[in-house]
Structure formats: structure tokens, C-alpha cells
Amino acid sequence: MRKSKEKNQQPVYIKRLLFIGLISTLLIVFLVGRLFYIQILQHDFFVMEVNRQRQISIPTDSGRGILFDRNHIPLTDRQEKKIAVVFPQLFFINDENIRFLSEITQKKEEELVNRIHHSSSPIEMPITQDIDYKDSRALAIRGLFIIGKKQRYEDYPLLSHTLGYINQIDKKGMAGLEKTLDAIIMGNPTQSLTATLDGRKRFLPGEGYSVINTETKQKDIRLTIDYSIQKVAEEVMDQHNRNGAVVISNVTTGEILGLVSRPNYNPNTIADHIKSSGDELYNKAIQMTFPPGSIFKIVVAAAAIENNIINDDNVFHCAGVEKIGNVEINCNAHSQEENEEISFQEAFAKSCNSTFIQLGQKIGAKNIIEMAEELGLGSRVDIGLSEEEKGNLPQGNNLLGPAIGNISIGQGDIEVTPLQINQMTQIIANKGVKIPLNLLIEILVDSDTLDTFDRKEASRVLSQKTSIELQKLMESVMTEGTGKNIKELATVTAGKTGSAQGSSRGNAVLHAWFTGYYPIENPKYSITILVQEGGTGGEVAVPIFKEIIEGIMDIDY
């Protein structure tokens, strides 16, 4: 009976042994497979992770895509500077180390101690003094590295307002194209200087430094801006020491070749500018609106011609002042003593307020505003800058009664940007066809095209007949009117001056305008100039227009 029971138990033991053996075998196979995966398949990854924990990396570039002009000339990342990089967790704070750091950066010792104490990430500081590398401190201070690094911006760079600026801590775009294109050009550094440390975070002798190039493909942007034309326009504005804006575009393509705003600012010291009470961070070409003054007479003339309200036989009467209700508006073209008759062409050339108020009453405020909207005023041009303002055109009750007086001469509630005025000028120079202004061409990777930016379709805004009439009027401004200050270029240019009454901090000011194109045969450049608080357009803005054209001619464009 006992033997029979033992015989029955033997198969149970055997089953248990087989089960344990199977589980053990599976575990061994799993462990071998896991070891094979870690040691062989994931070898490079884990080596990289180990090295990452033993290494500190200092980016030697901005970590952002480069912005190029139309000819692949870089507008950012143009300059390399020596910088001091302090790693707070490695740097030993004592009198000698802080003194040396203060000497090479020209920063106060107390400020340096405070920054290092309260920072957990590497601190970058520009070096303002020549370094004597025979001084052992330059190489021996733990946690201090002196490297050459590509600077995102030069001091007071070209196109600063359009490029914008980045947050110096997280490198995120905060304004201009840096903000608009942040999702495209924001990335990781493509090159870093790497140092290897031991287990106690000390520099490991014999390992030295190494330059690491990542596999990250940097995305760059090519703009329509022409570096040489931009440089000419900025230099002219600076030589005249004027604040305001310049917009230069290609008449036949709508490509923006130059976009200037003054005063300039330094994106490398952006914190100081943010604290400033001035307006240097505003892009005057797109971000601030101004009354157009007499350049709005282009709109009034277009409405009159398009609606067949004016012809060559029309003669107007100018008594030096025009009365609308209880409002009197002076005319600078004639004094009250002259009391003259004046043709429409002469009135446009000399910018006669009386004529245009009389004409505005015939056209009607509603028709004038509709023409302004057709020419792009009152809405954003939309060139890819989020800061762009749309300006203002009066509506509703603001069109009634004496308002026609101000509307006819570009005053009152009318507000525009220089960019909008340039678009309007491009339409006229292009015989009534609007080619929407554009700033962005393509996305590049390793200088090759990855993608192109969409462009809006061209459309006819004015009849060819109206456009040709407006061109003749704008030519007369230069030969016999308020644009005569252009002198020898009078016969090859066309345009309109403006002197707009505005206010600044509660004080009455006069903004100087000029918008025009060159040459009159097959126009190539549409150029708009605003001189903030500059005075009269003919005396102030026209000479700037002249010098910009001469500068473009000098570079054989």
C-alpha cells in the first residue's frame, strides 16, 4: 500500500521539477536577451548617457536657425566673441576667483557673487578685456570656461526691429521674426564645446575639451531683404539723425528689400531698452500708426478719377483758407492774400488743401474711405510680423458734417503705417495691380530649400487709366511741386510729400512724409519715408529719398 502511494507521488515531483526548470530556462533566456539588448543593441545609447553625466557641454552657437537676406548674406550669427561661462555648481567662490572674473567682464564683484549664488544653470558673460593666457587663472579656475561663441546679434545690427530679439535665458523669440518664426528656427545647439569631469565633478586631466557636432538639422530662413539696400537706407537715416521709418519694396514682385526703424536698439542689452521710457523698441514701419497728412491726397485723387468726378478742365479756387461749418483749414499752397484759381494738377503738385477739401465734398466721405480700403489702408498688410498694426479709417458718424475737411487732407481719425503707404504706392507704380508685399522666401536646411512660404495672389485694384493719371500727378510733384528738392532726379522719380499734424505726449508735432517710386519708366523701387516729428515732407523727407536712390545707384542696383 505504501509503495503504491510513493509511486503515485513520483510523477508530481517530476512535474514540479520540469516546471521549475522551464521557468528557470525562460528567466535565463530573458536575462541573456536583456543583456544582449543592453550590451550590444543599446551600447551606443548607454555610453552616450554615461558620458553625458560625466561631461558638461557649452553651446558655441545660438541654437537657433540663421536669418539670411535674399542673397544668402547672414543677418544673424555674424560675429564670434569671447565669453566667460561660469558653472555655479563647479565654481569656487573666493576673493581671487571673483576678482579675476570681475577684471575680464568689468562687472561688479558683488553682482557676480549674487548671480553665481542664485543660479543653477551656466552663466554666460561677455569678456570686455584682453585676456593674458599666461595668467594661470584663465585656465585653472574650476567651473570657469573662456570660449569663442557665435553671437546671435551684433551690437545695433541691421534690420534690428524686423529681426526682433530673444529671451536671453531660454532663447525663446520675444519680438519680430524671432517670435513669428520661433517654432521653425528654435532648436538645440548644433555645436558644443564639451569637457569631461571625474566623479567629483573635477576637470579630468588628459581628456581635455572636444567639439561635439550634433546630428540636428538646423532650419534657416531666407528673407526678401537685400543687405546692401538695407544698409544704404539705415546709413542715410543715421546721417540725417532722424527718427522714423523707411520701407523699400520691389514694384513688380512685392518683395520688401529694406525695412528701417529709428531710433535703433541693441538686442544684446535688451533689458535696458525694456526699462527705457523711449520708443526705440517699436518698429515704426509697422507697429506705430501716424496721420498720413497730404499723402492721403493720393487716395482722394484716385477716388475722384475712378468715379469720373475730375478732368483736365476743372479749375478750383483757393483763398488760402477753406471753411467747413465752423472749422477753418489753412492752405499752405497759397496765402489768403493771393486768392488764386488753380488747376487740379497744380493743386496736387503743390498740395493745395482748399482744392482737395472742395473735391472731397464732391466725392463724399464714404467713397473716399472705400477707395482707401481698396488701396489697403485700414487693414494689416500681413508680411509675417505679429506686431503689425492695421491703422484706422473713420466710419459711421465720423464721416458726417465737417469731418470731410480733415478726411480730404489726411487728418482727423485717419491713421496709417508706412508699410501700408508703401503698398499703396506699389499699386500705383504697378499700374493698378496690387502684388501683396512679402518678406519671407523659404526655409533652408544646409543651404537647400526645405519649403517655401506662400504668397498671396496679385489683383487689380485700380483701372490702368486711373493709375496712369495718378502717375502723371506724382511726377508733377517732383518737377514743379513740393518734391522739387530732389533736384537732378526730378525727371526720373515720382511721388507725394506730406506734412501731418499729430501729437506726442500731449504736444502738437508735425510728421514729415514722402512716398514715391523710381524710375518712372518701368518702376523698380517703391520707397516710403516717415520722419517722426520731422517737419515738412518736402524739406525733410525728400532729401532722404534722394540719398537712398543715389546709394542704390552707387551699388549698381
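Biologist: What should I know about the model before we start?

Modeller: It is predicted, so local features need pLDDT of at least 70 and side-chain atom pairs count only at pLDDT 80 or more, while totals for chains, interfaces and linings use all residues. Residues are numbered from 1 along each chain as its sequence is written, and side-chain values use heavy atoms, with hydrogens and water left out.

Biologist: How are two packed helices described?

Modeller: By the angle between their axes and the distance between the axes. Here, helix H11 (residues 297-306) and helix H14 (residues 365-374) have axes that come within 9 Å and cross at roughly 110°. H11 is therefore roughly perpendicular to H14; that label covers 65 to 115 degrees. Axes are lines fitted to C-alpha atoms over the stretch in contact, with angles from 0 to 180 degrees between N-to-C directions. Helices (H or I, at least four residues) and strands (E, at least two) are DSSP runs, numbered from the N terminus.

Biologist: Which residues make the contact between H11 and H14?

Modeller: With contact meaning heavy atoms within 4.5 Å, H11 brings Val299, Val300, Ala302, Ala303 and Glu306, and H14 brings Asn367, Ile368, Met371 and Ala372.

Biologist: Now salt bridges. How many does the structure hold?

Modeller: A salt bridge is a side-chain nitrogen of Lys or Arg within 4 Å of a carboxyl oxygen of Asp or Glu. The structure holds 21. One pairs Glu255 with Arg70, whose closest N and O atoms are 2.8 Å apart. This pair links distant parts of the chain, 185 residues apart: Glu255 is in the loop between strand S9 (244-250) and strand S10 (256-262), and Arg70 is in the loop between strand S2 (67-68) and strand S3 (79-86).

Biologist: What phi does His72 have?

Modeller: A positive one of about 65°, although His72 is not a glycine. His72 lies in the loop between S2 and S3.

Terms used:
Parallel < 35°, antiparallel > 145°, perpendicular 65-115°, else oblique.
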